[in-house]
Amino acid sequence: MCQLLGMNCNTPTDIIFSFEGFHRRGGLTDEHSDGWGIAFFEGNGCRLFLDYLPSISSPVADLVRAYPIKSKNVIAHIRKATQGQINLANTHPFGRELWGQQWIFAHNGNLSNLPALEHSRFLPVGSTDSEHAFCWILNQLAQQFKTRPDLPQLHEALSKLVPQLATLGTFNFLLSNGQALFAHCSTKLNYLIRQAPFCRAHLSDTDMAVDFSLETTPKDRVAIIATEPLTDNENWIAMQNGELLMFIDGSPES
């Protein structure tokens, strides 16, 4: 299946270190070679980079590796296709507008017998179960809330909607509107919180390390969420199956 990477923090931060390890799993240290993508929220805007090539050999990935884009919410995905052809339309993350906000979604898993999208405001462009599920969630939210709800209301609504899809298969996902990052674990998802006192971190997929005490301020707090831990010397926390966390300013809320 696919792999996910997310970042949520209290101050705009680049994801170059984590992405350096993560992109290697797209065809070098792992088999997820059916495309990749990454989204960076910046204010009300969102930069979205997609490529159907493996991330390890993608010129677009090289651009992202060299470009220190700073963001408070980032979602990345490397694909191992289960449904849908290998093409740009089926490449995660997917994006839509709702309540005047950009929404970004990426999924790891496989769903069957998805609910119909008849008369839905949101329809898939590609042919994946993932994009179909994303459209269904947004349509349910749009029907429930005519105007933008606050984050606790969103979290509560998602906690009731997500189990309906999770019964249809494996449903690990990351979802963000630029204010918060929602992470749902169906089978496997891990996270860590980097905050003072910061220490040195070493990647699992390549011999690269960063001493974050030299790169941060004492007030910084960063949450990294990944399918598999990206570093081999930090304390990653395994999410529980069925758990839905909302990350705000680098802190998780259940």
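A: Let's start with the term itself: a salt bridge is a side-chain nitrogen of Lys or Arg within 4 Å of a carboxyl oxygen of Asp or Glu. The idea behind it is simple: side chains of opposite charge can pair when their charged atoms come close. By that rule, the structure holds eleven salt bridges.

Quick housekeeping first. This is a predicted model, where local features need pLDDT of at least 70 and side-chain atom pairs count only at pLDDT 80 or more, while totals for chains, interfaces and linings use all residues. Residues are numbered from 1 along each chain as its sequence is written, and side-chain values use heavy atoms, with hydrogens and water left out.

Now find glutamate 20 and arginine 24, whose side chains meet in a salt bridge at 3.0 Å, N to O. Are they buried or exposed? Buried means under 20% relative accessible area, exposed means over 50%, and partly exposed is in between (1.4 Å probe, protein chains only). Glutamate 20 has a relative accessible area of 8%, so it is buried. Arginine 24 is buried too, because its relative accessible area is 19%.

Next up is a pair made of aspartate 249 and lysine 72, with a salt bridge of 3.5 Å, N to O. These two link distant parts of the chain, 177 residues apart: lysine 72 lies in strand E4, and aspartate 249 is in the loop between strand E14 (244-248) and strand E15 (251-253). Those strand labels come from DSSP runs numbered from the N terminus (helices, H or I, need at least four residues; strands, E, at least two). Aspartate 249 counts as partly exposed because its relative accessibility is 32%. Lysine 72, at 33%, counts as partly exposed as well.

One more pair to look at: lysine 188 and glutamate 228 form a salt bridge of 2.8 Å, N to O. Here again the pair links distant parts of the chain, this time 40 residues apart. Lysine 188 is in the loop between strand E8 (181-184) and strand E9 (190-195), while glutamate 228 is in the loop between strand E12 (221-226) and strand E13 (237-238). Lysine 188 has a relative accessible area of 39%, so it is partly exposed. Glutamate 228 is at 28%, which means it counts as partly exposed too.
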